Amino acid sequence: MSLSQPRIEHFSVLNHILVHISGFLKAPEDVILQASLQNFAKLTPHYPGVRAPLEPAVCRAWLDCLAPRLDQWFGPLGRPWEMQAWFSLVTTRPADLAPIQRLPHVDGTDPAQIAMMLYLHRPGPQSRQGGGTAFYRHRATGLEALTAADYPRYAAAVQAEVGRAGLPPAAYPTDGGPHFEQTHAVVGTFNSAVFYRGNILHSGVIDNTAPLSADPLAGRLTINAFFRPAAA
């Protein structure tokens, strides 16, 4: 991997950190070929598609390179980092999305958990949205990131909105309306990676009119990773 030229951005009035690296893998086509050999399956109920875990040896090698940079970008926590990562393919049709999948989400409420998205698909000319990642603010509460203390208030507000207005349409979030406001969006450029705190409200930018292939060579292939400080 190449980490020589990270671009560190800040977005929203809350100054969230977003690290963007272009040309992340030195041989991305080899990694895509490796993905095509995996047995993808639906591993969790929340992800709208299928996944295959990266091998532990690959995770260890990546973590050796990334751990010092995570300390630099997001602040040293005095503990080593742990990593989990998957090849991921969004395959669920908009009409089949569960209610929770129609809203922006968080990966957890711990601000020390860092998420990585590595985009390994080439959006076709029919895709208007680039297949990247967008970030949101919940209008009623003003929340952009959820902690354990914030979550009950947020959940109660969302439930109240659903009670008044009904469930969101069966579609992937786009601009977030009417209950969320998009604060920033990243284009899913081929072989680029972004790092951000996983407790920020976000969603994949999925074109609701485009086909969602389960073929790693044709679909929205990404590598998703979570980095957590090891338990004390």
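In which strand is the place of Ser88? Ser88 has its place in strand S4, which covers residues 81–90. Welcome to a short tour of this predicted model.

**The seven-stranded sheet**

- Seven strands build an open sheet with antiparallel pairing, and their order is S1-S2-S8-S5-S10-S4-S3.
- At the edges stand S1 (7–11) and S3, and since each has a single partner strand, one side of each is left without a neighbour in the sheet.
- From one strand to the next, the twist averages 25 degrees.
- On the S1 side, five bridges join S1 to strand S2 (residues 16–21), and the two run antiparallel; His10 has Ile17 in S2 as its bridge partner.
- On the S3 side, S3 and S4 are paired over five bridges in the antiparallel sense, with Ala52 partnered by Phe87 in S4.
- Although S3 stands at an edge, four of the five residues of this strand (residues 49–53) are buried, so S3 is largely enclosed by the rest of the structure.
- Helix H2 (residues 56–74) lies across S1, S2, S4, strand S5 (114–119), strand S8 (192–197) and S10, and it runs at about 110 degrees to S4.

**The three-stranded sheet**

- A further open sheet has three strands in the order S7-S6-S9, with antiparallel pairing.
- Its edges are strand S7 (180–186) and strand S9 (202–204); each has a single partner strand, so one side of each lacks a neighbour in the sheet.
- The twist here averages 30 degrees from one strand to the next.
- Strand S6 (residues 133–138) and S9 run antiparallel and are joined by three bridges, and Phe135 stands opposite His202 in S9.

- Ser88 counts as buried because its relative accessibility is 0%.
- The side chain of Ser88 has a polar contact of 3.0 Å with the side chain of Arg51.
- Beyond four places in sequence, Ser88 touches Phe40, Tyr47, Val50, Arg51, Arg220, Leu221, Thr222 and Asn224.
- Arg197 is 109 residues from Ser88 along the chain, and their C-alpha atoms are separated by 19 Å.
- Arg220, one of the residues that Ser88 touches, is found in the loop between S9 and strand S10 (221–229).
- What does a buried arginine do without a salt bridge? For Arg220, the nearest side chain of opposite charge is Asp207, 11 Å away, while the Arg220 side chain reaches the backbone oxygen of Gly131 at 2.9 Å and that of Gly132 at 2.9 Å.
- Setting aside neighbours within four places in sequence, the contacts of Arg220 include Ser88, Leu89, Val90, Met117, Tyr119 and His121.

- His138 is found in strand S6 and is buried, with a relative accessible area of 0%.
- A polar contact of 2.9 Å links the side chains of His138 and Thr141.
- Among the residues that His138 touches beyond four places in sequence are Leu143, Tyr154, Glu161, His179 and Leu201.
- Gln34 sits in helix H1 (residues 28–36) and counts as partly exposed, at 35% relative accessibility.
- Gln34 and Leu54 are 20 residues apart in sequence, and 9.9 Å separates their C-alpha atoms.

**Salt bridges**

- Side chains of opposite charge can pair when their charged atoms come close.
- The count for this model comes to five salt bridges.
- Glu9 and Arg7 meet through their side chains in a salt bridge (3.0 Å, N to O); Glu9 is buried at 19% relative accessible area, whereas Arg7 counts as partly exposed at 42%.
- Arg122 and Glu29 form a salt bridge as well (2.8 Å, N to O). Arg122 lies in the loop between S5 and S6 and Glu29 in helix H1, so this pair ties together parts 93 residues apart in sequence.
- Arg122 counts as exposed at 55% relative accessibility, and Glu29 as partly exposed at 42%.
- The side chains of Arg137 and Glu181 meet at 2.9 Å, N to O, in another salt bridge. This pair links distant parts of the chain, with Arg137 in strand S6 and Glu181 in strand S7, 44 residues apart.
- Salt bridges with shared partners join Arg137, Glu144 and Glu181 into one network.

Terms used
Residues numbered from 1 in each chain as written. Predicted model: local features only at pLDDT ≥ 70, side-chain atom pairs only at ≥ 80, totals over all residues. Heavy atoms only, no water. Pairing = 2+ DSSP bridges. Axes fitted to C-alpha atoms, helices over the stretch in contact; angles between N-to-C directions. Buried < 20%, exposed > 50% of the residue type's maximum accessible area, 1.4 Å probe, protein only. Contact = heavy atoms within 4.5 Å. Polar contact = N/O pair within 3.5 Å; in protein donor to acceptor, adjacent residues only side chain to side chain. Lys, Arg positive; Asp, Glu negative; His and termini not counted. Salt bridge = Lys/Arg side-chain N within 4 Å of Asp/Glu carboxyl O.
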